[in-house]
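Subject: Structure handover

Hello,

Here is the structure for you to look through. Please open it first, then read the notes below with it on screen.

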Amino acid sequence: MPRLEPPHLRFHRSYLAAVAEQTAGPRPVGPLMAGVLDRHAGGWQESEGFARFVAEMRAWARGDQLPPEMPVPATVLWWTEGDTHLGTLFIRHRLTPQLLDFGGHIGAAVNAGARGRGHATAMLRAALPFAGRLGVDPALLTCDRSNTASRKVIEKCGGVLEDRRGNSLRYWIGTANATKTGGTGSAPGVEASSQS
Ligand SMILES: CC(C)(COP(=O)(O)OP(=O)(O)OC[C@H]1O[C@@H](n2cnc3c(N)ncnc32)[C@H](O)[C@@H]1OP(=O)(O)O)[C@@H](O)C(=O)NCCC(=O)NCCS
């Protein structure tokens with residue numbers, strides 16, 4: 001059963017395969033992914049380079065090594081099954097004025113080959129208790145109004161539409177109940193800071 005985990009070296013092969021698939025596709029990558037590729041793609045074929053990437057993804061939660069495209073501390077979680085990386089979700093610990101309009105607290109992407117199987121919905125549901133434990137309640141999620149899949153995911157997870165700003169639909173989701181019930185994913189190990 002898929003679960004949320006912190007970035008880890010054991011997903012090296014699977015993560016790079018997913019990125020290769022994504023970057024070969026017709027849609028350009030977003031600014032966050034573009035920054036990651038810029039900083040790490042040159043060296044992450046080797047395990048040392050991938051370890052630097054994993055360390056950066058974990059450091060963001062402490063507010064360390066934050067790049068310009070991630071202006072606030074953020075917890076990065078990977079949606080995984082066995083040694084397979086299926087998707088990525090990040091929880092920004094707070095908002096900036098820009099993120100309040102577009103971006104919100106939680107962003108997510110499912111690898112192209114794994115889409116349309118309910119992963120995004122399950123991943124977001126599982127992430128809500130983590131957001132709650134980080135003090136993010138309610139969580140703001142935004143999506144482009146043309147992004148039907150994202151809109152459906154947010155609404156299925158309880159998102160309440162506040163308004164539209166430009167092309168951005170803005171939804172709030174309470175995380176307190178998700179925290180109390182533990183959500184759908186217990187995600188053991190997410191709080192652990194070690195990479196072993
Ligand atoms: C948006 C995204 C996360 C959805 O992932 P997913 O795992 O395919 O989503 P799910 O399988 O949970 O599907 C959720 C709903 O969207 C629908 N859906 C999935 N892909 C769709 C598409 N291309 N067009 C329209 N609806 C779609 C599903 O049918 C489902 O609706 P249903 O329950 O009524 O059947 C994924 O497409 C993605 O990573 N896109 C690129 C990054 C992105 O846009 N992220 C969101 C911005 S925050």
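In what order do the four strands of the open sheet come? The order is β1-β2-β3-β4, and the pairing is antiparallel. Please keep in mind while reading that this is a predicted model. The edge strands are β1 (3-5) and β4, each of which pairs on one side only. From one strand to the next, the twist averages 25 degrees. As background, strands of a sheet pair through backbone hydrogen bonds, either parallel or antiparallel.

The sheet, pair by pair

β1 and β2 run antiparallel and are joined by three bridges. Within this pair, leucine 4 has tryptophan 79 in β2 as its bridge partner.

β2 and β3 also run antiparallel, with eight bridges joining them. Glutamate 81 stands opposite threonine 84 in β3. The two strands form a hairpin with two residues between them, and glycine 82 in the turn has a positive phi of about 60 degrees.

β3 (residues 84-92) pairs with β4 in the antiparallel sense over five bridges. Here glycine 87 stands opposite valine 110 in β4.

Is β2 enclosed or in the open? Six of the eight residues of this strand (residues 74-81) are buried, so β2 is largely enclosed by the rest of the structure.

A second hairpin

β6 (residues 160-165) and β7 (residues 168-173) pair in the antiparallel sense over five bridges. Valine 160 has tryptophan 172 in β7 as its bridge partner. The hairpin of β6 and β7 has two residues between the strands, and glycine 166 takes a positive phi near 65 degrees there. Of the six residues of β6, the number buried is zero, so this strand lies largely in the open.

Helix α5

What span should α5 have, and how far apart are its end C-alpha atoms? At 1.5 Å a residue, the 15 residues of the helix should span 21 Å. The end C-alpha atoms of α5 are 22 Å apart, which agrees.

α5 has a bend of about 30 degrees at alanine 127. A proline, proline 129, follows within four residues. After the helix comes glycine 135, whose phi is positive, near 90 degrees.

How many residues of α5 are buried? The number is 11 of the 15, so the helix is largely enclosed by the rest of the structure. Among the buried residues are Ala120, Met123, Leu124, Leu128 and Phe130. Both alanine 127, where the bend is, and Pro129 are buried too.

The ligand

Around the ligand there are 18 residues, of which Ala109, Arg115, Ala120, Thr121 and Ala149 come nearest. By class, this shell has seven nonpolar, eight polar and three charged residues.

Which elements supply at least two residues each to the shell? They are β4 (106-110), α5 (119-133) and α6 (148-156). α6 gives the most, with five residues. Two elements already described therefore return here: β4, an edge strand of the sheet, and α5, the helix with 11 of its 15 residues buried. Ala120, one of the residues that come nearest to the ligand, is also one of the buried residues of α5.

That is the handover.

Regards

Notes. Residues numbered from 1 in each chain as written. Predicted model: local features only at pLDDT ≥ 70, side-chain atom pairs only at ≥ 80, totals over all residues. Near = placed C-beta within 6 Å. Nonpolar A, V, L, I, M, F, W, Y, C, P; charged D, E, K, R; others polar. Pairing = 2+ DSSP bridges. Axes fitted to C-alpha atoms, helices over the stretch in contact; angles between N-to-C directions. Expected span 1.5 Å × (residues − 1). Bend = angle between axes of the 7 residues up to and from the residue. Buried ≥ 20, exposed ≤ 12 C-beta atoms within 10 Å, placed from the backbone.
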